[in-house]
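User: Could you walk me through a few backbone and sheet details here?

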Amino acid sequence: MADPLAEEHASQASELCCECGQFHLLLDNHLYNFQDEVDDELICHICLQPLLQPMDTPCGHTYCFKCLENFMQEYNFCPMDRKKLSFQQCHKSSLLVRNLLDKLIVLCPFKAECQQIMQRCELEAHLQNRCPGFKKYKSELQRKKNPVSKGKEDPPAKVEPNTPKDPEVLSGGSSLVAESSAAAVVSLATAEPGLVNPAFEETEEDLPQRTSLVAETNTIEIHREDPEEELGMRIVGGKDTPLGNIVVQEVLRDSVIAADGRIAPGDHILEVNGVNISSVTHCQAVSFLRHPGPVLHLMVLQEKGFSNKTAQQDSTSATNREVIHVTLIKRDRSEPLGIKLIRKTDEAGIFILDMLEGGLAAKNGKLSRNDRVLSINGQDLRQGTPETAAQIIQTTESRVNFVVLRQPGVQLSDPVEDGSTSNNSSSSSSNGGSPVHHRRRLDQNHYRRKSNYQKDLPQGYASHEKTVAIKKEPKESLGITIGGGRDNKNKLPIYVTSVQPIGCLFRDGRIKRGDVLLSINGIDLTHLSYCEAVSALKSNAASHSVVLKALEIIPANSAEPSLDIKEQGFSWSPLWITWLGLPSHLHCCQDIVLSKGNLESWGFSIVGGFEESKGNQPFFIKTIVPGTPAFRDRKLKCGDEIVAVNGVPAIGMSNSELIPMLKEQRNKVTLTVVSWPGSLV
């Protein structure tokens, strides 16, 4: 196509599309410059372009949503085989097909200023935040329009110039660029491809009652008197797991994190001391978080639950609405604006839910609750999302220019932060209630993973069973310490925590730290409690000969650097990612029963499942939403693996198969899960 900057368009209807960066009619499909020739199987046979929002027909053909919708307005048959067809019979293509299409490689349309290539699903964010060509186009367009402000803007402030960094898109529940502040509160109601989100999806019957799921990014400064002291939280996730992000699984009582009181289970850790960890491996994240120091800066994404929807559509005529221009000036890029933004279910666009007390917006005093945001810094947000607004705010160095539509007399109520904290919005971003919830009730209903629930090891993992026979003196110690035991709250097998320099096993060299002990002299250790295992090891160590059977777990990325540095500050235990490689016949399962009302959601999101490119992956709990049945029950944790739903094994299922099963359960569901302790940092 021609360079968009070189084209002249007189009418407003032909303005450049901000999603694809090309000129097309409003009702037409987006246009893309693909790097390679696209497989014919992914081509729509109406427009002859790669599929957009693909729809499948009962007769097995696939077309773009808009193409098929327009075609069916004039005809009542399939374009390919001319079989009788109605649009209502068609349905969305599978998640696999949609993901393949999203991953097609495209070129930035502003080729004169930008030679970037990316996946098709990444182009919109690239244009909005990183493309110099699109930025230049918008600036020139703004100068041509030369809008006249209805209100006076604040005088410009003198700001030290900084070189802005490219914003980074997180690989989580939403494409949110996190601010290093509490500036943006976003809605996570829309999941990205690959993220199964039964907690957030709407049905026809709950649509009138549904509200936006609000989340917030905060920078938290943690102080340690002893720079070597552990933080006292357990984490799961990483780019080498289906979870993607690093998620807090648990906060330990009386720890540094618990004393600070601002980090809670379920928070996503985005940055550590300015380093983005949203796309690092699990081991790398552990290394960053274990790094000693008196002060630690953490950027976290914290979900606040569903916001109350008390605003009703106002019958006030449009003539009473007022367009207001407001400029907020940040002293530096990281200063928070203190604005909570949401989406409504009954009206398009973004609305101001609240302003944090003491924040920049509250001090300015010109924005109001329920203002509809029309644009920020000249970027049209009339059909935008809170995620897009957060990206624009985060990348702005100083002046943030708002254009808002105000309708007198309509207010929104305070958001629901979670099931147990108050509605005091001034403290929601800085405190949010204690992250240490009530002690988990230990459910004794654990059992070995059934044969029909068992699975192969995840891709890349391996395990090696070894038999070690040793001749020794009767009084000579084995020289090992152990951890785990089936009385442990995670029902772990017995594993070796250290091999001491004195003792026969150190001399032999085959038993290593982290090995799972299966038996000693024929006595099964896999079902014993910690004390029972210690007794069995001691009594059999008195023999002249000892035969140990052990299992060595070889993680998927065995090339990761050692995490033994400054180990004296940590009580050693295997990393969470190591337990994912434990053979399933050694797993202990637990049944968790959740109950809900007709208009409630279950309150959790899941990732994983079968993908053609990755094979079978476990399903993991990624998010637990405050104030929901899953949150109130307190048994389900982020990082738990879903083994079965109502007794039906989840092994081999795809996302698109498991979601309907969860959504069909109206008031009660039984989840069979395996829970592994997160890595301690």
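This is a predicted model: local features need pLDDT of at least 70, side-chain atom pairs count only at pLDDT 80 or more; totals for chains, interfaces and linings use all residues.

Analyst: Residues are numbered from 1 along each chain as its sequence is written, and side-chain values use heavy atoms, with hydrogens and water left out.

User: Is Gln53 buried or exposed?

Analyst: Gln53 isn't a glycine, yet its phi is positive, about 50 degrees. It sits in the loop between strand S1 (33-34) and strand S2 (54-56); helices (H or I, at least four residues) and strands (E, at least two) are DSSP runs, numbered from the N terminus. Buried means under 20% relative accessible area, exposed over 50%, and partly exposed in between, using a 1.4 Å probe and protein chains only. With a relative accessible area of 53%, Gln53 is exposed.

User: And Asn370, buried or exposed?

Analyst: Asn370 also has a positive phi, about 75 degrees, without being a glycine. Its loop runs between helix H7 (360-364) and strand S18 (372-376). Its relative accessibility is 8%, so Asn370 counts as buried.

User: Which strands stand at the edges of the open sheet of three strands?

Analyst: The strand order is S3-S2-S4, with antiparallel pairing; two strands pair if DSSP finds at least two bridges between them. Each edge strand has a single partner strand, so one side of each is left without a neighbour in the sheet: these are S3 (62-64) and S4 (91-92).
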